[in-house]
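Please look over the model shown here.

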Amino acid sequence: MPEDARARRRNGTGLGVLLALVSAAVLLTALPDHHRDGGGTCRARAVTSWAADARLTAEFARYGDDDGRADDWTGGDGTHSVRLPDGRVLWLFSDTYLGPVHGPPNPVGEPYAWRDPGTPLVRNSAVVMSREGRLSSTLPAPLFPDPAPSLWRWPVAARVEPRTPGSDRKVVRVLLWTRTAGQPPWIYGVPTATEVATLSLPALRLEGITTALDQRTVADPSRRVLFGTAAVASGAWTYVFGGDDGRAAARPAGRAYVARVPRGGLGEPGAWEYWDGSAWTVRGRPAPVLGDDRRTGVGSAFTVVRDGGTYVLFTMAAGAAGLTTVSSYWACAPTGPWHGPARGLDPSLPGAGAAAYNPQAHPELGDGDRVVLSYDVNRLDSTGAAAQQSLSRNVSLYRPRFVTLRLGRPAP
């Protein structure tokens, strides 16, 4: 799910990082009670060190280049993950290429592995990683079928939770964005609904899909909110973050929103509550917690992690830097106030004409203050056909890359 229309039209790992978060005292006693949610000590957080995660990046390259099966994942974006109770990791992707990969050189003599231009592209896929960190299989794709002609589902955040509140039996809940084919500027589809899919454990069979928030009654597509770009557990709640399509509405960035669900209740639409700007409500209109239509805001996909009592949000930057620069915000509660933006990192890109987008944290791969962050890579070609041709000529372009961050006190 791209940050810029051209980047998603099909439609390096060395990183330079300098992150300076606003250094300000956080006086919890001065904040309303809803800003204390989650407990712990809240303080400004910054990236204190980083390292490219070459092992993870190489593992996806290895798996994508393996042409042992014709229905395997060879590239995708919208990278999300969740650790399963048996230690495996389920990786979820949006638009995905399947099929064989051919070794270099490609048909025009370049030293890249390549795929046939007619290789199947499906709207979503899932890949299983072993306990040892080796990608082992692609589930039948698409895992989440299109709900109707001209509609499709993109998976976003996922969590393991009880089948029913209090139950010992676990399932995987996967949040889905449903979009409807549209005309410019909605070339990636018109936001339609947030859904929740249930996968069985350990077999990972699709059991059903329910609608959490239908947005079809909101006449202005730019005001429609899809939830699930990040889901963060805190206390008795799971906080589910979402956004609107700011760039399609000619704003420099989108706005972020937040809902909350009692632990174990993601699959129950009636259990969802939305922050309306002053209180949690079941039926009220969600109000943005971040984004002023000018300097602050989020990309179409962003991520949120907790570090002690602090929430840290990573997103592509607003404005022209939105295809090259990751920025960050911090807050003492999901509802804010959010402090920032601060420049986070400039992901390494594979040559001119490439773009970075969709930064996503993978807490199940980190430990303590070590955060594993992925970002997706695509091409900035003038047309969708040209982008597809570029991605077919060099299969390494359309795969996640990884970096490890450490959070701590910002420099004075």
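The notes below cover aromatic pairs, charges over rings, a sheet and a helix.

This is a predicted model: local features need pLDDT of at least 70, side-chain atom pairs count only at pLDDT 80 or more, and totals for chains, interfaces and linings use all residues. Residues are numbered from 1 along each chain as its sequence is written, and side-chain values use heavy atoms, with hydrogens and water left out.

**Aromatic pairs**

- Rings of Phe, Tyr and Trp (its six-membered ring) pair if their centres lie within 6.5 Å; planes under 30 degrees apart count as stacked, over 60 as edge-to-face and the rest as tilted.
- The count by this rule is 14 aromatic pairs.
- Phe60 and Trp91 have ring centres 5.0 Å apart and planes at 80 degrees, so they form an edge-to-face pair.
- Phe60 belongs to helix α2 (residues 54–65) and Trp91 to strand β5 (residues 89–93), so this pair ties together parts that are 31 residues apart in sequence.
- Helices (H or I, at least four residues) and strands (E, at least two) are DSSP runs, numbered from the N terminus.
- Both Phe60 and Trp91 are buried (under 20% relative accessible area; exposed is over 50%, partly exposed in between; 1.4 Å probe, protein chains only).
- The rings of Trp152 and Trp154 are tilted, because their centres are 5.9 Å apart and their planes stand at 55 degrees.
- Trp152 is buried at a relative accessible area of 6%, and Trp154 is buried at 2%.
- A cluster linked by ring pairs holds Phe60, Trp73, Trp91, Phe93 and Phe402.

**Charges over rings**

- A charge sits over a ring if NZ of Lys or CZ of Arg is within 6 Å of the ring centre and within 35 degrees of the ring normal.
- Arg115 places its charged end over the ring of Tyr97, 4.2 Å from the centre.
- Arg260 lies over the face of Trp237, 3.8 Å from the ring centre.

**An open sheet**

- Four strands run in the order β10-β11-β12-β13, with antiparallel pairing (two strands pair if DSSP finds at least two bridges between them).
- β10 (151–162) and β13 (206–214) are at the edges with a single partner strand each, so one side of each has no neighbour in the sheet.
- β10 pairs with β11 (residues 170–180) in the antiparallel sense over 10 bridges.
- Pro162 is opposite Lys170 in β11.

**Helix α3**

- In α3 (residues 384–393), the buried residues include Gly384, Ala387, Ser390, Leu391 and Ser392.
- The buried residues of α3 pack against β6 (96–98) and β24 (370–379), where contact means heavy atoms within 4.5 Å.
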